[in-house]
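Morning, everyone. Please look at the structure on the screen. I'll talk about how its chains meet.

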Protein chains: 2
Amino acid sequence: MGYIIRQIEVDDYAPIIQVVDAWWDNRPMASMLPRLFFIHFQKSSFVVEDGGKRVGFLVGFRSQTYPRQAYIHFVGVDPSYRNQGIGRLLYLRFFTLMREWGCTEVHSVTSPQNKSSIAFHQRLDFTIQPGDAVLNGLAVTTNYDGRGGTRVLLKKSLTSEDHY
Amino acid sequence: MGYIIRQIEVDDYAPIIQVVDAWWDNRPMASMLPRLFFIHFQKSSFVVEDGGKRVGFLVGFRSQTYPRQAYIHFVGVDPSYRNQGIGRLLYLRFFTLMREWGCTEVHSVTSPQNKSSIAFHQRLDFTIQPGDAVLNGLAVTTNYDGRGGTRVLLKKSLTSEDHY
């Protein structure tokens, strides 16, 4: 790939906010990405560029409650750059850094409707965590967002050897 | 005061999300408070209780980009418990912990329309940061949220002696 991956910067904020809803099939996602993540979690958040064009990003951090846990908050890839390994590149860069920081597990949350996100995480050895309900055979956590929204909780160990 | 102050817990999430919009004069604030803050930033986030009833909370963290900076993301106080020092109690508890962690400054962001928030911060020795525009005599940062929203940036030094 000719892509480069680098740490996120605050100057990435406005251009990414302008495209993020479109990248998510016009779902209103921008409110999930306040500027604070682009200021205070730069070390563990990354942008992929293709010839200076931002084509993907990952926002993650290390838990301050559980220092051995890392958390991936948000990932976006330009729809015209999908299925080229950009999401994988972002996740692997994050895993590497979190191992360096001494984390032993990575957590992430997705929607039960987002089958491609669930499959993507499973290919990277995330497992679906037990929840409080089962939806179409999927363990889910109800009212995760405090407003009735159900989510799938995903977890990956960083200690076992990667085989993907 | 008969109030107690304690670290936030994940079990505080659903009850707080249910009231937070009402506490903010029915503005839609809940989307600014994803559950992640109640999971991964418990050490630096606090709840005030009055006889077991949650009457105020603060969500803050230490910057992972700038380890000497602390950031206050969100504060809410039950309207029927205002002007009793609950906000101040939450901020002072946060300042104390951030000093223990070695932080030298605290940042916060508010809306230019929120005069009482600006005055509250100024009473706690926050100063208004230079911005890129002036609105009714107030230094503001335009397009802070990437969607055209203007904000007031506030900063307090933790190294000078407190005199409030």
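Start with the contact itself: 29 residues of chain A touch 29 residues of chain B, where contact means heavy atoms within 4.5 Å. This is a predicted model, so local features need pLDDT of at least 70, side-chain atom pairs count only at pLDDT 80 or more, and totals for chains, interfaces and linings use all residues. Residues are numbered from 1 along each chain as written, chains are lettered from A in written order, and side-chain values use heavy atoms, without hydrogens or water.

Together, chain A and chain B bury about 2,800 Å², 55% of it on carbon and sulfur atoms. Buried area is the accessible area (1.4 Å probe) that two parts lose on being put together, summed over both.

Next, polar links. Between chain A and chain B, 20 residue pairs are in polar contact, both at pLDDT 80 or more. That takes N or O atoms within 3.5 Å, one able to donate a hydrogen and the other to accept it; sequence neighbours count only if both atoms are side-chain atoms.

Helix 2 of chain A gives the most to the side touching chain B: 4 residues. Helices here are DSSP runs of H or I, at least four residues, numbered from the N terminus.

Last, symmetry. A rotation of 180° with 0.0 Å of shift along its axis puts chain A on chain B, RMSD 0.0 Å. That is a two-fold axis relation.

Key:
Least-squares fit on C-alpha atoms with pLDDT ≥ 70 in both. Helix = DSSP H or I, 4+ residues; strand = E, 2+ residues; numbered from the N terminus.
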